[in-house]
Amino acid sequence: MREMTATNLRSAFSGESMAHMRYLRWADRAEEEGYPNVARLFRAISHAERVHATNHFNELKNESGDFPVTAAGGFGVGSTSDNLQGAINGENFEINEMYPAYLAVAELQGEKGAIRSMNFAISAEKIHSAMYQEAKQSVDAGRDKELGPIRICGVCGYTAEGEIPQRCPVCGAGRDKFDSFE
Ligand SMILES: [Fe+2]
Ligand SMILES: [Fe+2]
């Protein structure tokens with residue numbers, strides 16, 4: 001893999017790994033504040049970020065070694081409203097800046113595996129941002145979010161509320177590949 005793409009993919013792996021852990025902590029906070037559905041949303045999306053991190057890590061399988069990695073990531077444990085805003089900010093950074101920039105480099109360098117892995121991620125991040133924004137509206141109105149079962153594609157991290165799709169609309173995986181948070 002070309003060096004710039006490898007460096008970017010390591011950074012993306014790091015960012016997704018941090019998001020995975022951050023959302024689990026913020027899920028516990030939502031539980032403490034009496035928002036069990038928001039907690040479930042954080043846990044489901046945490047799982048999607050794990051799928052993204054794993055995909056990036058797998059694409060880097062021939063790039064072994066020790067590397068210092070720089071990645072952007074939000075810190076702090078505030079109120080659930082603050083944490084949701086932090087989550088929205090992080091998702092929007094990935095959607096509007098990080099992945100478009102990394103994808104442009106990967107496309108220039110013809111790195112097909114990295115392009116696939118990052119396209120899987122950015123598709124899901126768009127859904128995450130919208131779900132977090134809806135959750136924040138509920139919390140700011142003093143209510144837990146009404147939320148059906150949340151389904152996560154174990155191949156690409158696609159995230160949906162409701163029934164499991166026959167095929168993942170992003171990667172084409174079958175229903176047996178989905179994990180449910182209900
Ligand atoms: Fe996300
Ligand atoms: Fe998928």
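User: What span should helix 4 have at 1.5 Å a residue, and how far apart are its end C-alpha atoms?

Analyst: Helix 4 covers residues 112-140, which is 29 residues. At 1.5 Å a residue, those should span 42 Å. The end C-alpha atoms are 42 Å apart, so the two values agree. Note that this is a predicted model.

User: Why is helix 1 called roughly antiparallel to helix 2?

Analyst: Take the axes of helix 1 (residues 3-32) and helix 2 (residues 36-59). They cross at roughly 165° and come within 8 Å. The cut-off for roughly antiparallel is over 145 degrees. The crossing angle therefore makes helix 1 roughly antiparallel to helix 2.

User: What is the handedness of that crossing, and which residue classes make up the contact?

Analyst: Helix 1 and helix 2 cross in a left-handed sense. Their contact has 16 nonpolar residues, five polar and six charged.

User: How do you know how helix 1 and helix 3 are oriented to each other?

Analyst: Use the angle again. The axes of helix 1 and helix 3 (residues 80-108) cross at roughly 165° and come within 11 Å. Angles over 145 degrees count as roughly antiparallel. Helix 1 and helix 3 are therefore roughly antiparallel to each other. Helix 1 passes helix 3 in a left-handed crossing.

User: Which residues meet between helix 1 and helix 3?

Analyst: On the helix 1 side, they include Met-4, Ala-12, Tyr-23 and Trp-26. Among those in helix 3 are Asn-83, Gly-90, Tyr-102 and Val-105. By class, this contact divides into 10 nonpolar, five polar and one charged.

User: What makes strand 2 and strand 3 edge strands?

Analyst: The open sheet has three strands in the order 2-1-3, with antiparallel pairing. Strand 2 (159-161) and strand 3 (178-181) each have a single partner strand, so one side of each is left without a neighbour in the sheet. From one strand to the next, the twist averages 25°.

User: How do you know that strand 1 and strand 3 pair?

Analyst: Count the bridges. Pairing needs at least two. Four bridges join strand 1 (residues 150-153) to strand 3, and the two run antiparallel. Ile-152, for example, has Asp-179 in strand 3 as its bridge partner.

Terms used
Residues are numbered from 1 along each chain as its sequence is written. Chains are lettered from A and ligands numbered from 1 in the order in which they are written. This is a predicted model: local features need pLDDT of at least 70, side-chain atom pairs count only at pLDDT 80 or more; totals for chains, interfaces and linings use all residues. Axes are lines fitted to C-alpha atoms, for helices over the stretch in contact, and angles run from 0 to 180 degrees between N-to-C directions. Angles under 35 degrees count as roughly parallel, over 145 as roughly antiparallel, 65 to 115 as roughly perpendicular and the rest as oblique. A crossing is left-handed if the near helix is turned anticlockwise from the far one by less than a right angle, and right-handed if clockwise. Ala, Val, Leu, Ile, Met, Phe, Trp, Tyr, Cys and Pro count as nonpolar, Asp, Glu, Lys and Arg as charged, and the others, Gly among them, as polar. Two residues are in contact if their C-beta atoms, placed from the backbone, lie within 7 Å. The expected span of a helix is 1.5 Å times one less than its number of residues.
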